[in-house]
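Let's take a friendly walk through a protein model. Have the sequence and the 3D view ready.

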Amino acid sequence: MSSASGYRDGVHSVCFAEGNVYAVGFDELHGYGKKRYRIESYNAIDGTPLARWADEKSYNIASLISCTSLGGHIYAFGVSDSFWSILEFDRNLNLVRRTDIDKPYLVPFSAIAIDRYIYIAGTTLTPQGSTAAYIAMVLPDTLSVYKSFSMGREGREAGAYTIAFNRNTNRFVVGGFDKSEGAMNWLLIFLNRDLELIKIVRTNIKGSITGLAINPEGNIYAVSRSAIAKLSREGEVLTTITSIPGVKVYSTQNPSTPIGPNIVVVSDNDAYMLSSDRLSVVDSVRLSRGPQILTSFLGSMDSDNEKLYVALTQVVTKDDWNWTVMALRPRARRLRFFGV
């Protein structure tokens, strides 16, 4: 548990690097409604807090949303009410560099590092005032956008919330939504390493994809609060369930995964281990204790090949929120939970 203020402190994503767990979000230490970027690190063995960094300035809207690691450094991505940011830290959370970008205005929901680049997926605003899916290739050496891809046109809004890289096909898969005439449906965008469009897959599943994961065979798993689906490498829907809501999903393309041939889905208050073939429940665990509410914001999970890490926001009252970072240890086919 972490609480920087007596107001609303929220956490979005975690990433594992250099033996530590890093969590990103926001706090309201400067007062109610005054949000600022925040990142913390914890020892992966016992959860001991190690370091933290918070912005000196606060805004009406501000949060770090996604993070990833590359070359021993931690990269965090956030958005305020007038710009979005790329921040580079060393493993002790000393700020190395920072770039704030006002155009295009982007909410950077998801980020991954592949080879020498960092790829960000998010939702941006078009000059016409609608939304579009936006994917950026970032140069770590300069924290600048080297290439980008966007999808959205007048009369048909779109957005991206998550990105994954399929090593079987050497493609990026981006998940989000496509909206036309008031109806919002799942959207998948397939791109090559240079962010050139391969194809777009629109499904008839209502809502928006909030999390993506890929297993060793290259199958795609997508979640939303209304459905969980297994898709082929090409985006064909193979299996769907609607009995379990999801916000975050985890699988790995490393065969020596701690969850075996399964996936883990996290929603508010609960985590589920599902079989990778039929999406049947292998096990589940209640993450919240007693009457507390743990809300899952958009963001990523991560693993150190022994434990899975997830961040949720504890809602005490509508004006009192706290960070909660947890480790889930699969043991004897069960998700054994301990709090970081």
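## A serine in a loop

Between which strands does the loop with Ser 251 lie? Ser 251 sits in the loop between strand E21 (248–250) and strand E22 (262–266). Strands here are DSSP runs of E, at least two residues long, numbered from the N terminus.

Ser 251 counts as buried, with 11% relative accessibility; buried means under 20% relative accessible area, using a 1.4 Å probe and protein chains only. Leaving aside neighbours within four places in sequence, Ser 251 is in contact (heavy atoms within 4.5 Å) with Ala 213, Ile 214, Asn 215, Ile 259, Asn 262 and Ile 263.

## What the model rests on

This is a predicted model, where local features need pLDDT of at least 70, side-chain atom pairs count only at pLDDT 80 or more, and totals for chains, interfaces and linings use all residues. Residues are numbered from 1 along each chain as its sequence is written, and side-chain values use heavy atoms, leaving out hydrogens and water.

## A four-stranded sheet

Now look for an open sheet of four strands, in the order E1-E2-E3-E4, with antiparallel pairing. Two strands pair if DSSP finds at least two bridges between them. Strand E1 (10–17) and strand E4 (49–54) are the edges, each pairing on one side only.

Strand E2 (residues 20–27) and strand E3 (residues 36–43) pair in the antiparallel sense over eight bridges. Phe 26 stands opposite Tyr 37 in E3.

## Cysteines

Cys 15 is buried at 5% relative accessibility, and Cys 67 is buried at 4%. The disulfide count is zero, a disulfide being a pair of cysteine sulfur atoms within 2.5 Å.

Technical notes:
Buried < 20%, exposed > 50% of the residue type's maximum accessible area, 1.4 Å probe, protein only.
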